[in-house]
Amino acid sequence: MATNKNVIVLVPNGRRQNVGVTPNTTILQILEEVCQKHGYNVDSYDLKHFNHVLDPNAILRFTGLANNAQLEMVPCTKIRSVSNVTIGIQLENGERLMSEFTSNVTLAEILKHVNFNEDLEKIILIYMHREISGVEALKNTTLKSLGLVNGKAVLRLIQKRPQSIGNISLTTSKTVKIAENFNIHKRDSGNEYSLIADTNETSECITSTGKQTQKLEELKTCSQNEERKIMKREYENNIIPSTSTDNYTGNQILLQPCNKHETDDLNNIEFLGERNALVFDQTTIQRKFRDELPDDFYDLTVDDAKILLRDAKRYRKELEEAPLLTNIQRQSNQEKRILNQLNKYHYTIIRIQFPDQFVLQGLFQPMETVQAIKDFIKCYLIDANSDFIIFTTPPKRSLNPNSRLVNENLVPCAIVYYSGSSALKLDVKEKFTDPKKVELQVANVRKSMLNKNENINNDTNTRSTFNTPTNNESVTEKGSKIPKWLNPSFK
């Protein structure tokens, strides 16, 4: 699988230069590499794609350039001058440190300038989905390498949680200790008893870790089987998720445990209060990386063009033949959609994401108002009287406190974002739950709602069978009735 791309740059001397790039490469880095090889001044040229001059600060993943895209070096209309960049460091508590720097300053120097005296090993800086962590990366990465030559930018700062690396450090310390003991006693050939004792200790540790990995693999396979069953059942019941959950599923997977593990895992979940409140740290969720597709997968074939043309004609025909709806008809369609959602979903799962990547989850009823969510958040804030807003994105849309959740398209589940001066209480953050257990609880709620819908459908079917008469009964009733025109004397 191809992980990197190439771009072809047409140099003013008539030559073509192939440049290897990554999704995080900036346009300025491409221009610098070409100018360094052919002896041109970087500040005097720009890169042009067709009739569009590319921004030197843009990152390649957001430019929309395809693989082997052809770029052209053109003279600048205005010489690029060096200017200061306004940088804001967004801390986990919501505070933002602002200052101006030149483009040649490294990230480590920026942290030192804003008086952030923390261990650089425990710090992660995020800019445009790019994470920079570690002492060497912070000392070698400059603002210019990030594409920041002028203007303003915000860098989000996150500290590594000791809980997220606790399991890794524990396993690595055990393996290192095992290896050290084994190597030391292997050199000492005279002390056979110590070698046997240490090998027994290593075998016990290896078997314990093997049992843990076997249990995780078993839970994973069983969860995949149960997830397929739930998806099949949802397809049969024509359950369509809400459009407000687009950014919820980006890298999160709902896991359904096996029956033998389900009760144990769910019983270990400790809710913070009413509405089954849970708090988890989003940074501890391991992202699921997918294999990249080859470049020829994105090539447009003749069959693909035919399918696109057919769909476009069909969509145009539907628009032309669609009847015009009045305001009353549109309201009736909206009411039908709301009634269908109320019949399907008895609860909605709301997740409130805070700026420090902590997420607060609670269960609400679809007919409750947005004010119920705000009251729920106030119970877990440091300052309950502070003003704040909650909104959904994209696009950013503030929620009306007086509107119902089903009218705000927050059913059956949604993520809302918190913006305010206060943060979560420290004791609430310390009681955060493992994200896997949170997904188990969500899957259990969804399964219970599906079972309720099935029971309701079964009850309605049985009632309809009891109320409808059979064919034999209808025939006998018709045969027992004597028509008025029939004379009984002729019988």
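**Exercise 1. Is C76 buried or exposed, going by its relative accessible area?**

Solution. The model is predicted; local features need pLDDT of at least 70, side-chain atom pairs count only at pLDDT 80 or more, and totals for chains, interfaces and linings use all residues. Residues are numbered from 1 along each chain as its sequence is written, and side-chain values use heavy atoms, with hydrogens and water left out.

Step 1. Buried means under 20% relative accessible area, exposed over 50%, and partly exposed in between, with a 1.4 Å probe and protein chains only.
Step 2. C76 has a relative accessible area of 17%, so C76 is buried.

**Exercise 2. Find how many disulfides the structure holds, and where C76 stands in this.**

Step 1. A disulfide is a covalent bond between the sulfur atoms of two cysteines. The cut-off used here is a pair of cysteine sulfur atoms within 2.5 Å.
Step 2. The cysteine sulfur closest to that of C76 belongs to C35, at 9.2 Å, which is too far for a bond.
Step 3. Across the whole structure, the search finds zero disulfides.

**Exercise 3. Describe the surroundings of S145.**

Step 1. S145 sits in the loop between α3 (135-140) and β10 (151-159); helices (H or I, at least four residues) and strands (E, at least two) are DSSP runs, numbered from the N terminus.
Step 2. Its relative accessibility is 18%, so S145 counts as buried.
Step 3. A polar atom of the S145 side chain lies 2.6 Å from the backbone oxygen of T142.
Step 4. Apart from neighbours within four places in sequence, S145 is in contact (heavy atoms within 4.5 Å) with T26, Q29 and R130.

**Exercise 4. Decide whether Y298 is buried or exposed, and name the patch it belongs to.**

Step 1. Y298 lies in the loop between β11 (278-281) and α7 (302-321).
Step 2. Because its relative accessibility is 60%, Y298 counts as exposed.
Step 3. Together with L293 and F297, Y298 forms a nonpolar patch on the surface, and the three have about 360 Å² of accessible area together.

**Exercise 5. List the buried residues of helix α9 and what covers them.**

Step 1. In α9 (residues 370-378), the buried residues are V370, A372, I373, K374, F376 and I377.
Step 2. Their cover includes the strands β12 (348-353), β13 (358-364), β14 (388-392) and β16 (413-420).

**Exercise 6. Summarise the protein as a whole.**

Step 1. The protein has 12 helices and 16 strands.
Step 2. Of its 491 residues, 35% count as buried.
Step 3. Among contacts with a separation of 6 or more, 70% are between residues 24 or more positions apart.

Conventions:
Patches are made of residues with over 30% relative accessible area and no salt bridge: like charges are joined within 9 Å, nonpolar side chains (Val, Leu, Ile, Met, Phe, Trp, Tyr) within 5 Å. Accessible areas come from the Shrake-Rupley method with a 1.4 Å probe; for residues, only the protein chains shown count as cover. A salt bridge is a side-chain nitrogen of Lys or Arg within 4 Å of a carboxyl oxygen of Asp or Glu. A polar contact is a pair of N or O atoms within 3.5 Å; within protein, one must be able to donate a hydrogen and the other to accept it, and residues adjacent in sequence count only if both atoms are side-chain atoms.
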